[in-house]
Amino acid sequence: MLSGVWSPVDLARGAPDEGDALRRAERFGEAASQTGLDLDGLDDSALQVVGLACRSAPYLATLLTRDPHRLVRVAADPYLRREKSREVLVDELDRAVAGVTSGTELRAALRRIRADELVRLGVRELELGLDTEVGRELARLADACFDAAIAFHDAELRARYGAPIYVDDDGVSREATLSVIGMGKLGGEELNFSSDVDVIYVYSSDQGEVGGLSLHEYFAKLCTQITSALSEVTEDDVVFRVDLRLRPEGAKGAIASSLDSLERYYETFGRPWERQAWIKARPCAGDRALGAEIMATLRPFVFPRLISPTVIDDVRELNRRIKRELVRSGGFDVKNGEGGIREIEFFAQALQLIHSGKRPQLRRRGTLAALDALLFTGLVGDDEHLALYRAYRWLRHVEHVLQLEAGLQTQIVPEDDLARVRLAKRLGYPTDVAFAIELFKHTSAVSRLFATLGDATDDHADVAPIVRGELSEDDETAALVRLRFRDVTAARAELARARRNPGSPFAPGSTERATRLGATLLAEIAASADPDQALRFLGDLIARRGAAWTVWRLLDENPPLVRLLGSLFGASAYLARTLIDTPELIDLLVEIGLTPPTRTVAQITADLDARVATVDRDDPEAVWSAVAEVKNGHVLRVGLADFGGALDPLAVCLELTAIAEACLDRALSIVEAQLAPRYGAPPANAKLAVLALGKLGGRELGYAADLDVVFVYTGAEEDMEWFSRCAQRLLGALRQRTPRGRLYEVDTRLRPSGTQGLLVTSLAGWRRYHQDDARMWERQALTKLRAVAGDRALGAEVERLAQETVYGATPADPRAVADEITRMRIRIERELGGGSDLKTGSGGVMDVEFAAQYLQLVHGHAHPELRTTATEGALRAAAACGIAPPREIELLDQGYRFLRKIEHRLRVVHDQPIHRLPEARDELDKLARRSGFPDGSVLLEHVERWQREIRGAYLRLLGA
């Protein structure tokens, strides 16, 4: 197949049913010949697509045979091996429907692009992508199709009746609009290949009319046409089957509701199952502003602060009712069967219903995102999370492969022996028995966990003897092995250390209550991602505070906190070390879960001021420990939000940058105040500014990143000594290790003349150096310059000078800039990179940064939009200005986000300042799980592919 020569026999070889695969390949070949497609001209990508379809997904083979040129389109799609963004998909669909003049033409165009996308996504599901990506992309396809249908049919109705107008509460006439609320798997962006799309149509208001129609009549017509455009069965199949049964009053209700009537319905008649359904609700098409208003209006209904005590019973009854209403057709139902997909979804939703009213970070639509949020609020344990996470992804993949058999809406594992063997082989199992064993493993785990909803806390009686030290050496060793400890000798040593610490729950002679807490702690540690690591950190924590600490009472009263502590200690060496450095933060874990995940610099600064005000300002250690404590608390907040899915990779960067800025600014104020009694203050007209460069300047900091800064002052020459002393004191304060850990490592090597230059530079010296002596790499570095502390007016002046230096009075020579950047990039890669380095290696983060900076240096003179310090902002500006191919920019943007996410996870999981993936398989698997991948090999494959694609885009942009 990889020879580039058309051969049906080669395409079918190794298929679960070689005879069927061969017949499908031959049928495709006949159809291709009839349409003039040159089979011998197919490239390896096209042969891979058609081979996968014929061997493993007969429905895809059928779609290709209907339109053989579809194979060429799909194989040439740059998103065959990576996720297609919403913007790209919308652009493609807009071009596909451009010029349609009738509903028939619209239906044909939508079905054509849907078929192309199903083939692309089908092969991504089978081999070239991730199941989670495929679910999101299918949801985006549905969103875009709804938008296209709305645009076409609304234009038709407006041409006939005029624009729908309503009068708002203030008497102002406004245009009425429609919002499509995606529910279920569409809302959660978890669609499968044969999903219905559950939606609720909502329009602005009933207070108006148009062309003799009430607004309700107008929008009922519009929604009927939209539904038909997507659901009507034609010779090209359907786009999506639209299911409206979740609307108010179900099948008996109006097809569309006004916002007011929707609110009245749920206030008056909203039932528990409807509240549960709205957890996944998402404005997916139509007027997004109206969609946001709908979500805000219904938030008190969906997430009440006080909930019914029967929530768990309601969820269980809904699950039983669904099972009763199923049409039994033989075979196991992977969606609705016992231990199936629905029980995983209902498990997560039951806990969301109970806790989301007071914990906003639990308001996650997707099932996997909800499970992550539940884990990092301590509501599920690490072992529970892992079992449900793996089962959900595995069962979803089985569901997809079942549906790719014939394009039918099925979730039933066939009873027929031959069909079941064929399914097993398509899933990669040698026999149907091996498949059945895996199915039982996942469904029994799910069923067992679903049955525990609402159960009382386990007293862990089997673990208590270990805590009390009652077992013999052999029995304790055996017990620890059962609890999944790998290094049992080390685990026994940690337990012995804990027992020696008076007042700890492990100490001999502890009360029954304390022993019970110790047993719970040990059980949660054993259930964590890395029990050995978690026990070491617990030992460190006990050794640090012991009997003098009141945290044991706090933990005893908050079981979710015990679970969260165990999960964190096993999942993140970085966050665990943060808690050990600042044990007081354990008290804050409860509060963190009740507050939004983001903070402004001003909010963090206020926290710093409040904490520093409580210590003796004449005690430097106490002052800097207070600053470190606040910093650690906010880093912990970000880490939990990151792990829980509440922040994307670049939002994490923004939050970490805000923390650093606030600490830097307050640290400067503290140092200035400490210097004044001994050295006085500089004259009023002498000022100091702290300028950020690198990732601090770009608001792109990662966990425990260095801060790149330079110092510029104004004033007389004799003022330099005071400012130099201030800068040195500031660096020392930030770098020192306090009882609460170190604040930051600071790098000042980007100052004029580097390490050979003065630590602080006068404004005149700064201007002179960058006008006369600055080299290309220094101009490149200045693209990131931003004032972060000290005198703001002086900082703004340095920013202006930097802009002049970088963007200049005349355009830069593109070739000269490209050559210089390329030389520097090659040198960095040779000295620091290596192929697997996520930052400096080939296709690493630095490729994206250098590509963005090249575009800024070459085009920033003519395009002010490019004059931003953020890498992503520069890329988006370049695309908007039309100075670089949008597809290349989008590739770099996606690749940058991906690599930054893996960088974040590397640091948080391993607590090491590294940019290389771990070589040990168990460590790589651990990182993969925390990054959303099934195992380390899949993660490695994705990293390597992204690095290849990033390097290619980087070279093309620079013309190298």
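Tutor: Start with a term: contact means heavy atoms within 4.5 Å. This is a predicted model, in which local features need pLDDT of at least 70 and side-chain atom pairs count only at pLDDT 80 or more, while totals for chains, interfaces and linings use all residues. Residues are numbered from 1 along each chain as its sequence is written, and side-chain values use heavy atoms, with hydrogens and water left out.

Student: Leaving aside neighbours within four places in sequence, which residues is E345 in contact with?

Tutor: E345 is found in helix α15; helices (H or I, at least four residues) and strands (E, at least two) are DSSP runs numbered from the N terminus. Its relative accessibility is 5%, so E345 counts as buried (buried is under 20% relative accessible area, exposed over 50%, partly exposed in between, with a 1.4 Å probe and protein chains only). Beyond its neighbours within four places in sequence, the contacts of E345 are K185, E190, T367 and Y392.

Student: Within what arc do the buried residues of α14 fall, seen down its axis?

Tutor: The buried residues of α14 are V311, I312, V315, R316, L318, N319, I322 and K323. They line one face of the helix, because the arc, taken from the directions from the helix axis to the C-beta atoms, is 155 degrees.

Student: Which helices are included in what covers those buried residues of α14?

Tutor: On the other side of α14, R324 and E325 are exposed. The cover over its buried residues includes α12 (272–278), α15 (341–355) and α19 (432–451).

Student: At what angle do α41 and α42 pack?

Tutor: Axes are lines fitted to C-alpha atoms, for helices over the stretch in contact, and angles run from 0 to 180 degrees between N-to-C directions. Helix α41 (residues 921–930) and helix α42 (residues 936–958) have axes 8 Å apart. The two are roughly perpendicular (65 to 115 degrees; under 35 is roughly parallel, over 145 roughly antiparallel, the rest oblique), and the angle is about 75 degrees.

Student: Which residues of α42 make the contact with α41?

Tutor: On the α41 side, the contact is made by R921, L924, D925, L927 and A928. On the α42 side, the residues are G936, S937 and L939.

Student: How far apart are the C-alpha atoms of E672 and G702?

Tutor: E672 lies in helix α31 (residues 649–679) and is partly exposed, with a relative accessible area of 30%. E672 and G702 are 30 residues apart along the chain, and their C-alpha atoms are separated by 28 Å.
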